[in-house]
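Dear colleague,

I am passing on the structure that we spoke about, and the notes below it set out what was found. Please read them with the coordinates open.

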Amino acid sequence: MSAGRLDTPWLNDPGPRRLLALLGADGEEARIVGGAIRNTLTGQPVTDIDIATTCPPGETMRRLQAADIKAVDTGMEHGTVTAVIDGHGYEITTLREDVETDGRRAVVRFGRSWQHDAERRDFTINALYAEADGTLVDLVGARADIEARLVRFIGDPEQRIAEDCLRILRFFRFFAWYGRGRPDAEGLKACARLKDGVRGLSAERIWAEMRKLLAAPDPSRALLWMRQAGVLSLVLPESEKWGIDGIHALMAAERALGWQSDAVLRLMTLIPLRTDVVETLCDRWKTGNRVRERLVSVSQTDGVAPDMATDDFERLLYEGDPQAISDRMRLDIAGLGPEDAGARSLVGLLDHAQSWTRPAFPVTGRDLMAQGFDSGPALGTALHALEKRWVESGFALDRDTLLADVPVPE
Ligand code: ATP
Ligand code: MG
């Protein structure tokens, strides 16, 4: 069934143009599918372009190699090959149909039916195809749902969740990004009924979905519905007593002050910022060290007094963790509300932190050794004392002045 045309310049980029021609030749078919089309139609940026084809993975590989296109085996047994053109990766997946499932991952085999390939995808908005000339192929009522911004399971929601419980989280993630109004009632009901299935999901899959959900332009409504359905307290029990009002305040501050969307900062509003709590969460979700260190650091950083003098603030930045300090300030600004006088002062300091560059301490151990110090603890102590004097001077004392006062050891 034709559903109109996709009118977008990226269809003529060398990647999609060459790949669709190559994989669609000699009795095979190839189409763009999923996110790229959905995002184009909803006016959101297209980050990656996925291609579906009737070519079996081995044949895809052969054709890419014959055309001198770099091909990477990113999961050939599942039918996925990645082609690299002009530095962009294109995921090429052979049409699939589900044969059985174990509740966590679908077991698939390769097929030649576009209808089956569409029906094994999760939501209608993710199952629209485009041919090389932009002709849209809509096999599941995707176009109407994209237009209505309705995130709807393909087929029976309960059955689709039973096949793969990650779809519960994906339902809220896609609602956060593309939904409008209330979530689809049937889908929401199915998520609530089968919510316990999220317990069996791997940490990596949960964190990847939650992170994407939290990065949506405004995830607060999706989080509310997630809580309503009883899903949030299963994946993030830390949020249970804390409530999720903080996220609304942060969204208001983001809008008022033009802050960039920041998934980790948003996560901070959902949980108590105690070191033991954030460590447990990061271990459970396997978030990786960067996120873990950021959360731990903020849990150990105090708020900044709005009336703090600029030079005191610079000293604080020098001695503390500037990321944690600014995270803490943004949370406080959000909590006070951007119109509050204290919040406005904090915004001024935050601007200052953004333009501040950490000054370099002008004295080194080598300088002290040139003055007769042996390397050892005494040198470390002397250097530290000098740094302290320098910080207290507002980073003003220069190297010669600092060194002039150093007592030369016996
Ligand atoms: P984005 O890359 O912006 O997160 P996307 O739509 O490309 O969005 P992916 O998670 O990359 O989402 O998945 C690619 C496509 O594969 C989806 O559009 C969907 O059709 C299908 N898909 C992915 N995960 C599942 C799943 N758990 N169940 C069913 N279909 C899925
Ligand atoms: Mg994708």
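Helices (H or I, at least four residues) and strands (E, at least two) are taken here as DSSP runs, numbered from the N terminus. The model is a predicted one, in which local features need pLDDT of at least 70 and side-chain atom pairs count only at pLDDT 80 or more, while totals for chains, interfaces and linings use all residues. Residues are numbered from 1 along each chain as its sequence is written, chains are lettered from A and ligands numbered from 1 in the order in which they are written, and side-chain values use heavy atoms, with hydrogens and water left out.

To begin with the ligand, helix 2 (35–41) and helix 7 (166–178) each contribute at least two residues to the shell around ligand 1, and helix 7 gives the most, with three residues. The shell comprises 13 residues, the closest being Arg38, Asp164, Arg167, Arg170 and Arg173, where a residue is near if one of its heavy atoms lies within 4 Å. By class, 11 of the shell residues are charged and two are polar, with no nonpolar residue; Asp, Glu, Lys and Arg count as charged, Ala, Val, Leu, Ile, Met, Phe, Trp, Tyr, Cys and Pro as nonpolar, and the others, Gly among them, as polar.

As for individual atom pairs, an oxygen atom of ligand 1 is 2.8 Å from an N or O atom in the side chain of arginine 38, and a nitrogen atom of ligand 1 is 2.9 Å from an N or O atom in the side chain of aspartate 164.

Turning to the strands, which pair if DSSP finds at least two bridges between them, strand 2 (residues 30–33) runs antiparallel to strand 3 (residues 50–53) and is joined to it by four bridges, with arginine 31 opposite alanine 52 of strand 3. Strand 3 also pairs with strand 6 (residues 88–94), here in the parallel sense and over four bridges, and threonine 53 has threonine 94 in strand 6 as its bridge partner.

With best wishes

Note on methods:
A polar contact is a pair of N or O atoms within 3.5 Å; within protein, one must be able to donate a hydrogen and the other to accept it, and residues adjacent in sequence count only if both atoms are side-chain atoms.
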